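Thanks for coming. Please have a look at the structure on the screen, and then I will walk through a few parts of it.

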Amino acid sequence: MPTPLYYDIETSGKGIKNNGPKAFIAPLQFGAITYDPSGNQIERVNWRGRPPRQILPEPGALVVTGQSIGAVMSAQYSQYELVSKIHKFFEEKAPASIVAFNGIKYDEEVLRFAQYQNLYNPYQSQLHGNTRLDVMKAAHAAVAFDHSSLPLHRTQKGKVPFKLE
């Protein structure tokens with residue numbers, strides 16, 4: 001049975017979302033929780049890494065992570081070490097049911113590019129029997145099918161914002 005694995009990353013910026021160059025976005029933090037089939041927590045990780053020297057985190061990224069530029073630049077792990085730990089983590093947990101919020105569109109893109117830059121297989125989360133669920137995409141589908149399915153607030157224009165805030 002696949003291991004339920006929930007994860008999120010924080011990055012040095014939001015360039016992918018804005019169709020910016022992926023080369024200037026790096027994972028700064030990786031957090032994950034795994035559970036056994038009964039729903040008991042097995043493991044919780046929270047790793048922080050420094051961006052590569054050519055990347056300076058955007059101010060908005062520092063606000064999201066709640067870190068100062070000094071703390072980010074002196075994090076415990078180098079970018080290579082952080083990406084290596086993430087890669088090994090996914091490898092050891094396979095097969096897993098990987099769950100994230102906006103993970104397929106953003107988090108996995110960042111991780112894929114970081115793994116590629118560090119000479120790892122960039123499709124680690126899609127191999128070895130892993131399955132993936134993007135909670136944001138599932139919420140989009142639920143609301144499209146039935147507007148009252150999720151108790152979400154609406155903007156003045158009547159749209160449902162799916163941003164984590």
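**A buried threonine and the sheet**

I start with T65, which counts as buried because its relative accessibility is 11%; buried means under 20% relative accessible area, exposed over 50%, and partly exposed in between, with a 1.4 Å probe and protein chains only. Before going on: this is a predicted model, where local features need pLDDT of at least 70, side-chain atom pairs count only at pLDDT 80 or more, and totals for chains, interfaces and linings use all residues. Residues are numbered from 1 along each chain as its sequence is written, and side-chain values use heavy atoms, with hydrogens and water left out.

T65 sits in helix α1, residues 59–65. Helices (H or I, at least four residues) and strands (E, at least two) are DSSP runs, numbered from the N terminus. What does T65 touch, leaving aside its neighbours within four places in sequence? The residues in contact with T65 are E10, Q29 and R48, where contact means heavy atoms within 4.5 Å.

Now the sheet. It is open, with 5 strands in the order β3-β2-β1-β4-β5 and mixed pairing; two strands pair if DSSP finds at least two bridges between them. β3 (41–48) and β5 (131–134) are at the edges with a single partner strand each, so one side of each has no neighbour in the sheet.

Further in, β1 (residues 3–11) pairs with β4 (residues 96–100) in the parallel sense, over 4 bridges. L5 has I98 in β4 as its bridge partner.
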